[in-house]
Amino acid sequence: MQNDLDIKSLASELRVVRVRYELPDTSAFVRYQPAYDEDPNNLKVHHYDGELPLSCSETGAFSLKELVNELRYAYVLVHLFPDESAMNFYLAGLDNGLAQLEFIGGSYDFNRLWITSGISNVGVPMAIFLGKRHAVNGQPSVSLVDHREQVAGRLVYRAIGGAGDHVGEDFFNHD
């Protein structure tokens, strides 16, 4: 496991894979995944209650800095965990919380939040949250939240889209 990588190394070495899923009605959707899996039924999207896709294809792989330029009206939160059990615990809490909200009659727009999970290209368990809105100053953003040392996690990196290929990058050190 690559838990000893510093944040700058992680931000430059991590890759997020864009996958296109084709549905039976000829429509398709795109999800950002930690890794590509050729079997569309292995889609690890939390809160997905739609039809199972017929097929899928990888349509790109991006560093966090590159990913922000792929986004237009969205933001991505990338969460890193010390191990798979910590990641699964975190995601189960979120799943349970949203299920409770729905159960008591609350409304939640499940189409605005997509969560995928798996093992990243650097061997660290990763969950990717994709939201459909701008997150920072009206711009798309990609943020990295590190849960490897603190269970609650801490924001350690953010890339913010700008004009053209310009990307603003911030590293947040908490030493």
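## Exercises on strands, sheets and rings

The charged end of Lys8 sits over the ring of Phe171, 5.2 Å from its centre. The criterion is NZ of Lys or CZ of Arg within 6 Å of the ring centre and within 35 degrees of the ring normal. This is a predicted model: local features need pLDDT of at least 70, side-chain atom pairs count only at pLDDT 80 or more, and totals for chains, interfaces and linings use all residues. Residues are numbered from 1 along each chain as its sequence is written, and side-chain values use heavy atoms, with hydrogens and water left out.

### Exercise 1. The chain as a whole

Task: state how many helices and strands the chain has, and give their order.

Solution. 
- Helices (H or I, at least four residues) and strands (E, at least two) are DSSP runs, numbered from the N terminus.
- The chain holds three helices and 10 strands.
- Read from the N terminus, the order is α-β-β-β-β-α-β-α-β-β-β-β-β.
- Of the 175 residues, 42% are buried. Buried means under 20% relative accessible area, exposed over 50%, and partly exposed in between (1.4 Å probe, protein chains only).
- Take the contacts (heavy atoms within 4.5 Å). Among those with a separation of 6 or more, 62% join residues 24 or more positions apart.

### Exercise 2. Strand E7

Task: decide whether the faces of E7 are covered or open.

Solution. 
- In a regular strand the side chains alternate between the two faces of the sheet.
- One side of E7 carries Pro125, Ala127, Phe129 and Gly131; the other carries Met126, Ile128 and Leu130. All are buried, so both faces are covered.
- Seven of the seven residues of E7 (residues 125-131) are buried, so the strand is largely enclosed by the rest of the structure.
- Strand E5 (residues 75-80) runs antiparallel to E7, joined by six bridges. Tyr75 has Gly131 as its bridge partner in E7.

### Exercise 3. Aromatic pairs

Task: count the aromatic pairs and describe two of them.

Solution. 
- Rings of Phe, Tyr and Trp (its six-membered ring) pair if their centres lie within 6.5 Å; planes under 30 degrees apart count as stacked, over 60 as edge-to-face and the rest as tilted.
- The whole structure has four aromatic pairs.
- Phe81 and Tyr90 form a tilted pair, 5.3 Å centre to centre, with 50 degrees between the planes. Phe81 is buried at 2% relative accessible area, while Tyr90 is partly exposed at 30%.
- Tyr157 and Phe171 are also tilted: 4.9 Å centre to centre, 50 degrees between the planes. Tyr157 lies in strand E9 (residues 154-161) and Phe171 in strand E10 (residues 167-171), so the pair ties together parts 14 residues apart in sequence.
- Tyr157 is buried at 0%; Phe171 is partly exposed at 30%.
- Ring pairs also link Phe81, Tyr90 and Phe129 into a cluster.

Technical notes: Two strands pair if DSSP finds at least two bridges between them.
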